[in-house]
Amino acid sequence: MILPPAPILELFKLTKSYPSPKGPAVIVKDFNLNLAPGEFVTLIGHSGCGKSTVLSMVAGLTGVTEGAMILGGRETDQAGPDRGVVFQSPCLLPWMTAFENVMLGVNQVYFNARKSERRDLAEYYLSVVGLGNAMHKYPGELSQGMCQRVGIARAFALQPKMLLLDEPFGMLDSLTKMELQEVLLALWRRNKLTTLMVTHDVDEAIFLSDRVVMMTDGPAAEVGDILTIPFDRPRNRVAILADPCYAECRNHLLTFLNERSHLRPSQGK
Ligand SMILES: Nc1ncnc2c1ncn2[C@@H]1O[C@H](COP(=O)(O)OP(=O)(O)OP(=O)(O)O)[C@@H](O)[C@H]1O
Ligand SMILES: [Mg+2]
């Protein structure tokens, strides 16, 4: 019998609450999820349900109120270079070039490596995301899509164990978005990086993911349902759109969001 690989990330009853005048406001409650090594999982749910809160806890940028987070077999509640994070806006330092922005993190994480190796790493990932000719430009000279490419290169250049993305393509036009989805998938395949990504976009979730995790509405949001995406990889956008399974996946996700997201699986409703 072949046993499934041990999960690289285990979220056990992850709970987040903030103090409020009326007592603790529970945003996320008993959120349980395991990610297998190399898996691509997306998180969808209504605005304000707590997707970014879950991602920030996993990134170690927001404290966990209750529950546990086990990464690579070790319990953690801190941020670290083992997790690369990409946000909706890449937060680049405007007085540094794209290359210098990527080098900033590389220098911190690989301070023991030779300077030429660090430069090679930054140049390699900037080239892979399509910025080979623009890496010495400043963020002010780059388009939004190009800045997001820098953000992706920066995350990959740190060679983390996990990639965490919070609506990384949310502000981009649909053509740029499709292009960057392909860039992300190519890098993900090459590096076999376990990925957790928040998105609002049902089609993006289907195209990218191995599994789509649907969150219930807040407060006290939890995992409502999980859909396994059946398409082989590498995926061809046109081919999967024509597959009857595509409509089934889409329908499953939309029905959850429109009709079932208010139900609480933990209470049997
Ligand atoms: N620092 C904070 N203090 C109090 N409440 C907060 C804080 N940060 C977030 N919240 C609340 O937590 C809830 C979930 O926020 P979160 O940003 O995780 O939602 P989201 O699902 O990512 O939404 P969106 O899709 O709009 O990005 C919201 O009601 C928000 O007001
Ligand atoms: Mg959010």
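**Reading the model**

Reply: The secondary structure of the chain comprises eight helices and ten strands; helices (H or I, at least four residues) and strands (E, at least two) are DSSP runs, numbered from the N terminus. The radius of gyration, taken over C-alpha atoms, is 19 Å, close to the 18 Å that the globule rule (2.2 Å times the number of residues to the power 0.38) gives for 269 residues, so the chain is as compact as a globular protein of that length. This is a predicted model: local features need pLDDT of at least 70, side-chain atom pairs count only at pLDDT 80 or more, and totals for chains, interfaces and linings use all residues. Residues are numbered from 1 along each chain as its sequence is written, while chains are lettered from A and ligands numbered from 1 in the order in which they are written.

Me: In what order do the four strands of the open sheet lie?

Reply: Two strands pair if DSSP finds at least two bridges between them. Here the order is 2-1-4-5, with antiparallel pairing. Strand 2 (25-35) and strand 5 (74-75) are the edges, each pairing on one side only. Strand 4 (residues 66-71) joins strand 5 over two bridges, and Leu-71 has Arg-74 as its bridge partner.

Me: Why does Ser-261 count as buried?

Reply: A residue is buried if 20 or more other C-beta atoms, placed from the backbone, lie within 10 Å of its own, exposed if 12 or fewer, and partly exposed in between. Ser-261 counts as buried because it has 20 C-beta neighbours inside 10 Å. Ser-261 lies in the segment after helix 8 (244-260).

Me: How far apart are Ser-261 and Thr-216 in sequence and in space?

Reply: They are separated by 45 residues in sequence, yet by 4.5 Å in space, C-alpha to C-alpha.
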